[in-house]
Amino acid sequence: MTATDGLRVLVVEDEVFVALELECMLEEAGHSVVGTAASSVEAIALGERLRPELALVDIHLTDGPTGVAVAQALSRLNGIAILFTTANAKRVPEDLAGALGIVAKPYSPRSLLAAVAYAAQVRAGAAPERVPDGLRLTAG
Amino acid sequence: MSEPMSAAGPAGGGSFAAAFRSSPLPMVLTDPHQADNPIVFANDAFLRVTGYRRDEVIGRNCRFLQGPQTDRDAVGRVRAAIAREESIEIDLLNYRRDGAPFWNGMALSPVRDEAGALVHYFAVLTDISPRRTREDRLTQARSHLEQDIDDRTRALQAALDQKTALLHEVDHRVKNNLQVISSLMLLKARRTTDPAGRAALLGMADRIGALATVHRLLYTAGDVSRFDLRDFATDFGSDLEAGLDGDRVRLSLAVDPVAVSASKAAPLALLMHELATNAVRHAFAHGRPGRIAIEARLDGEALLLAISDDGVGLAAGIPNPDGFGRALIEMVVRQMRGAITWDDLSPGTRARILLPLDPSERRT
């Protein structure tokens, strides 16, 4: 598999319009969205069942600021790359809870897709030349 | 060895002895050569201050003046001074015959004969209770004040924590809402088949995107009241480039790190966005290649923002049916009390905008 192949993506996002637009954007870019979850329980269940290649995880979900716990649970399943998509990066712990990085909201379509492409390259074992400017690899 | 003294005073009388006897300062003399270093002389002032009769003090060690609250360490220091035959000045809490405590500022010194041998200990007492009471009150007042300051500091910290939490909450909501608004615009654009309607929606989504970039950058750095124009231009430039046909139209940025007030962030961002997207839309129609340059720097007391292209030029440009972008530019420039000039570069166009800055905005 090459780094440019489409990824099977799980979208964890409680804002329905944001989730839907994200889905359209990802499909347009050649990825496939295998599921969307609005709560942590749903997200972990879908992650275990669907085994996506990438999870985009918001911090604030319908059951509270549970995105960090979702990332921790999903990172224990092998082969899932995780990116936080959040307006509240301060909640992300020092170790990123197993995630690759943070895409700060409000993101532009370009910066989101660049971060997803970066995750695809890392997941495929390639060493990306540079970190896209919309992606942060440290907490705080 | 000295002559033992009579209970009335130092033996031999003389003018010194008479002076001690009648001194208004309480004084005692002890004899360290007798067992337990007893008092051998006490003047009337001593009896008046302590409330004892003379026959109750002569022959006794001075420790009968001590009581339950007397500082044991202070007593220890007096004892050590006596053992070393040294003088000492010390504040002791002593007790009168009726049990009432008083602060005794005592000066004790050894008395030696001509050969230097120890003869007596001589002590002068001063009732320093009023001074000690004042000091105690001061100490108490200070400790109350410190407590008060601690309480107020805690209350202020709690208020600040609450305010910070609220700021984070509001910041979080603004950012989330901008993401929702942008998503709604893009979703509607996807479902709009009419090209003009779709372009209008995408144009609005783009403007909201510029405002979203502003809010993503605000409140992330330490100083929430400042906005770095270069940080914005870098992010905005990347988003703009993503929409360009990279081989045909190139973008160059030369933006200084000017920290403008946060209240100017949104209008400045919109201004930069309109000028740059206008250039992209109108200067390079029909596959014309070229470049767009965004410059910003301090120019005296103003901010100079210049956006230039080497496209078809103002006169040759395709007339914009609604001219919304141009109207928006003029409105924002007016809002910021600035001035705009359009230069014909042949080829191309340059918009030069001078915006007044506050003194605090003129350096990063």
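**How the two chains meet, and how chain B packs**

In this predicted model, 15 residues of chain A are in contact with 21 residues of chain B (contact is when the C-beta atoms of two residues, placed from the backbone, lie within 7 Å). Helix α1 (residues 16–28) of chain A gives the largest share of the side of chain A that touches chain B, with 5 residues. Helices here are DSSP runs of H or I with at least four residues, strands are E runs with at least two, and both are numbered from the N terminus. That side of chain A splits into 7 nonpolar, 2 polar and 6 charged residues; Ala, Val, Leu, Ile, Met, Phe, Trp, Tyr, Cys and Pro count as nonpolar, Asp, Glu, Lys and Arg as charged, and the others, Gly among them, as polar.

A word on bookkeeping: residues are numbered from 1 along each chain as its sequence is written, while chains are lettered from A and ligands numbered from 1 in the order in which they are written. Since the model is predicted, local features need pLDDT of at least 70 and side-chain atom pairs count only at pLDDT 80 or more, whereas totals for chains, interfaces and linings use all residues.

Turning to chain B, 5 of its strands make an open, antiparallel sheet in the order β2-β1-β5-β4-β3 (strands pair if DSSP finds at least two bridges between them). At the edges sit β2 (39–42) and β3 (88–95) of chain B, each pairing on one side only. From one strand to the next, the twist averages 30 degrees; angles run from 0 to 180 degrees between N-to-C directions, and axes are lines fitted to C-alpha atoms, for helices over the stretch in contact. Strands β1 (residues 27–30) and β5 (residues 118–124) of chain B run antiparallel and are joined by 4 bridges, with Met27(B) opposite Val124(B) in β5(B). Helix α4 (residues 72–83) of chain B packs on this sheet and touches β3, β4 (101–112) and β5 of chain B.

The axes of α8 (residues 265–283) and α9 (residues 324–335) of chain B come within 9 Å and cross at roughly 150 degrees, which makes α8(B) roughly antiparallel to α9(B) (angles over 145 count as roughly antiparallel, under 35 as roughly parallel, 65 to 115 as roughly perpendicular and the rest as oblique). Among the residues making this contact are Leu270(B) and Leu271(B) of α8(B) and Leu328(B) and Ile329(B) of α9(B). For α6 (residues 195–217) and α7 (residues 229–242) of chain B, the axes come within 10 Å and cross at roughly 140 degrees, so α6(B) and α7(B) are oblique to each other.
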